[in-house]
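Please open the structure in the viewer and keep the selection panel at hand.

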Amino acid sequence: MKNDQKTRRILSIALIALVGIVLFLCNQYLDSYQLRIINLCGIYITLGLSLNLIYGFTGLFSLGHAGFMAVGAYTTALLTMPPQLKQMNFFLEPIVPWLANVEVGFFWALIIAGSITGLIGFLIGAPVLKLRDDYLAIATLGFSEIIRIVFTNLQNVTNGPLGLKGLPPYTTIWWSWGFALVSILFMAYLFKGSYGRAFIAIREDEIAAEAMGINIFRHKILSFTIGSFMAGIGGGLLAHLMGTIDPLMFRFLLTFNILLIVVLGGMGSISGTVISAIVVTVSMEYLRFLDGPMNFLIFKTDGIPGMRMVIFSLLLMIVILFFQRGLMGSKELSWDFILGPKDKTLNLPEEE
Amino acid sequence: MLKIEGLTVNYGGIKALKGIDMDVPEGKIITLVGANGAGKSTTLRSVVGLTKITSGKIYYQGQNITGKNTVDIVRSGIVLVPEGRRIFPNLTVYENLVLGGYCEKNKKIFDERLEHVCTVFPRLKERLKQKAGTFSGGEQQMLALGRALMANPKLLMLDEPSLGLAPLIVKNIFEIIQTINKSGVTVLLIEQNAKAALEIADYGYVLETGNIVLKGSGVELLSNENVRKAYLGIA
């Protein structure tokens, strides 16, 4: 096989088509429970990539993802719910009039949600990104909690602690995996170009990056804003998969789940995030049997709720011990990786 | 080419620089020597805008660049090789060099520079695909220099290039610095290794706790009684 750009492009398209066919077959033959897991995989790919962009690639330790997802989820929900449904939901206090009759299509709702989340990411990022490492983590975590608390108390916009119920189940396999695919392609494209390289340089060494003429602050903000945008879309997709959202859904645990995907897959690896998003989501579901009653012949246990989390944590520890930099490290499972490197013709002087 | 007038820098209450004047003429190697904490690195960092200046002025090619942001300064041709090399350890040599030429968007000019760097540092060319973190100290310093050259500097500022290197490697690095200088790049060199620096320098400044206490040509300073005592360990 000829080892060039064209072959790779054809292979990529073939792979996408293959995934498309598999998804189509899944959509036809699997039951709704299994479909829901596949949907979750797609959404977690988008979310994992968004955090990987911020944390894995740019090195900004941000723990505010749940907050951004909440903004995205609520925006999409409020934009897509038909007026009657809103009236039904807001029985304690009526919804503010400017939101009562808004209804837009799912796609535009997601895009608007992403944009609003991106804007909020920008506004939070501008002051907070002066901080580094743990301090940045604490600050973003704080902002995420602030968003949640505000949503709990804005009774006439978000319906407060009651949450929003009966969201139309718009999220299908095509939506969740479509956005996952767009995110993957976008990230792959981004990290081929100079913006991506600048992000990585900032992660590696800020001072050296700045001495090279990279505008640190601008790139940090950019990465944070794009990451928030993607998180907002992921939140919106998740809302319409669950059908119900309330502020309690967006606690720190949600951020932690995404962080887990990023760390497990390898910080700074797109393919790592994709693999680990699927592995984590699927195994979280399939380890459910551990919560039920078990019979070990010698002794029996009644169902212990939460047992799967214990096992899952153990698995995680083992992975971290043996793959310290995550499953993929910062490598990529690319065609180069499989077929061997391209014969890159660098214009280099010949050896004498 | 570069002119510093009355530069003062305070870190909180500590006065790091107490009003220094320096002149870096085009095409020369100028060195700034001094002990730990004399303010050498602060001087360089102030020039590229990484450190906030309290007072004083910095002129580059006749233009006042005081308080300009780092990105603009780097684009105008002043490139700093930071102390401790600061290469990107998890990236390959090639990627490091690409980042060095970050400001140059023209692919053709970029390739020419890459070619130039590879001729100056044949060692780097052999290892373009190797991770920079696996390099020895000397090779890392070469990479740091090569990366700086990718930005096509007019004024190259080196912060302690001999730091933590074996004497033989130091000699090698200093030869390379001279080669770079001969190709038309003005060099401002900061060193604790005063002897090595003064030997290749056209002109030198001695910095002591934020003040310039001596200046003169490299040869003059090398033979100066005080310099010999304080920095060369020769009575």
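The stops below go from a whole chain to its sheet, a helix, a core and an interface.

Residues are numbered from 1 along each chain as its sequence is written, and chains are lettered from A and ligands numbered from 1 in the order in which they are written. This is a predicted model, in which local features need pLDDT of at least 70 and side-chain atom pairs count only at pLDDT 80 or more, while totals for chains, interfaces and linings use all residues.

**Chain B as a whole**

Select chain B, which has 10 helices and 10 strands (DSSP runs numbered from the N terminus, H or I of at least four residues for helices and E of at least two for strands). The radius of gyration of chain B, 17 Å, is close to the 18 Å that the globule rule gives for 235 residues, so the chain is as compact as a globular protein of that length; the radius is taken over C-alpha atoms, and the rule is 2.2 Å times the number of residues to the power 0.38. Along the principal axes, the C-alpha atoms of chain B fill a box of roughly 45 × 40 × 30 Å.

Next, display the open sheet of 6 strands in chain B, with order 6-7-8-3-9-10 and mixed pairing; two strands pair if DSSP finds at least two bridges between them. Its edges are strand 6 (78–81) and strand 10 (211–217), each pairing on one side only. Strand 9 (residues 203–208) runs antiparallel to strand 10 of chain B and is joined to it by 6 bridges. To see one bridge, select B:Tyr205, whose partner in strand 10 is B:Lys215.

Now move to B:Thr31, which lies in strand 3 of chain B. Is B:Thr31 buried or exposed? B:Thr31 is buried, because 26 other C-beta atoms lie within 10 Å. Not counting residues up to four places away in sequence, B:Thr31 touches residues including B:Leu189, B:Glu191 and B:Gly204; a contact requires C-beta atoms, placed from the backbone, within 7 Å. B:Asp202 is 171 residues from B:Thr31 in sequence, yet the C-alpha atoms of the two are 8.0 Å apart.

**Helix 1 of chain B**

Select helix 1 of chain B, where 8 of 8 residues are buried. Among them are B:Lys40 and B:Arg45. Just after this helix, B:Gly49 takes a positive phi of about 80 degrees.

**The nonpolar core**

Which residues have the most contacts inside the largest nonpolar core? They are A:Met212 and B:Met157, in a core of 153 residues. Such a core is a set of buried Ala, Val, Leu, Ile, Met, Phe, Trp, Tyr and Cys residues joined through C-beta atoms within 7 Å. Helix 2 (residues 32–57) of chain A gives the most to this core, with 13 residues. Centre the view on B:Met157: leaving aside neighbours within four places in sequence, its contacts include B:Leu44, B:Val47, B:Ile78 and B:Leu188.

**Where the chains meet**

Finally, show both chains: 24 residues of chain B are in contact with 19 residues of chain A. On the chain B side, helix 2 (70–75), helix 3 (93–100) and helix 4 (107–120) each supply at least two residues.

Definitions and conventions
Two residues are in contact if their C-beta atoms, placed from the backbone, lie within 7 Å. A residue is buried if 20 or more other C-beta atoms lie within 10 Å of its own, exposed if 12 or fewer, and partly exposed in between; C-beta atoms are placed from the backbone.
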